[in-house]
Amino acid sequence: MSLTLFVSDVHLHPERPAIQDIFSRFLLDTAPSADALYILGDLFEYWLGDDDVDSPYSGTLALLHKASRSTPTYFIAGNRDFLVGERFQQESGCRLLPEYETIDLYGRNTLITHGDALCTDDRDYQRFREMVRRSEWNDKVMQMPLVQRKAYFHSLREESQGFNAVKPAEIMDVSQQEVERIMSEAHVDLLIHGHTHRPAIHHFQANGIEKTRIVLGDWYKHGSVLYYFDNGNYKLTEL
Ligand code: MN
C-alpha cells in the first residue's frame, strides 16, 4: 500500500541525541518506502542561517538528502527555522514550499502549513512574527556575526518563554475561526499542521461540511508521525 508521511516540530538539538537517533532511523527505515515526506517546520531547535557552516545538523542533512533521492521531500519553514535558504535546500534535498500549500493527497485536497499563523489570538506572538518576516529585520540579523546572532536568538527564545509562562493555554492554540476561514478559502476539508505540540485529530462541521484538522506532535520525548495511506485511511502515531 502506498503512503505519504508528515512530521513537524522535531526540534533537533545537539542536547537531545536520542531524538536525533529516532529521526535518523525514521529517515533510513521508514521514509524510503513512502511516496512523499512532508516536514512541516521546526525541524531544528533553531536555524541561524545558511551561512552557519559549523551547524551541528550536517549528519541529518546528509540523511535527508539520501532519503530525498528515493522519496520527494518537502519542507515548510517553521518559526524556529524560517531562515532556511538555498544552501539548506541543496544540502538536504528538500524542496521548500510556501507557508500554505494545497496538495493532492490521493485525490483529497489538503492544506498543509506549520501552524503558527493560525494562532491569531496570541497578539504578542503575531506582532513578533510580523517583525521577523520583514526584510529589514532579516537583513539586520543576517549581517550579525554568527556568535552575536546566536546570542540574539537565545535572548528572543528566553523572552518568549517568559511571556508564554503567564499566558492562558488556549491563547497559544490555533483560533478555530482562523482555521475555518483558511480552510474555506483553500476549498479543503483536511488541514494538517504542527507548531502547537498538541497532537490530535479534530473533526468539526463548518458551513454544513464535515472537516478534519490533524495536528502533528513534537519530538521532544518521542517521534510523532502521520501516515496517510492511498485508500484514505490515516494514523497519527508515536515512534
Ligand atoms: Mn513552531
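**View 1. N79 and H114, two buried residues of the predicted model.** N79 counts as buried at 18% relative accessibility (buried is under 20% relative accessible area, exposed over 50%, partly exposed in between; 1.4 Å probe, protein chains only). H114 is also buried, at 1%. This is a predicted model: local features need pLDDT of at least 70, side-chain atom pairs count only at pLDDT 80 or more, and totals for chains, interfaces and linings use all residues. Residues are numbered from 1 along each chain as its sequence is written, and side-chain values use heavy atoms, with hydrogens and water left out.

**View 2. The manganese ion and its protein donors.** D42 (OD), N79 (OD1), H114 (NE2) and H195 (ND1) lie 2.1 to 2.3 Å from the ion. Donors are N, O and S atoms within 2.8 Å of the metal (3.2 Å for Na, K and Ca); water is not among the atoms, so sites may look incomplete. Along the chain the donor spacing reads D-x36-N-x34-H-x80-H. N79 sits in the loop between strand 3 (73–76) and helix 3 (86–92), and H114 in the loop between strand 6 (108–113) and helix 4 (123–132), so the pair ties together parts 35 residues apart in sequence. Helices (H or I, at least four residues) and strands (E, at least two) are DSSP runs, numbered from the N terminus.

**View 3. Surroundings of M172.** M172 lies in the loop between helix 6 (146–165) and helix 7 (176–186). At 22% relative accessibility, M172 is partly exposed. Beyond neighbours within four places in sequence, M172 contacts C119, D122, N164, K167, T196 and R198 (heavy atoms within 4.5 Å).
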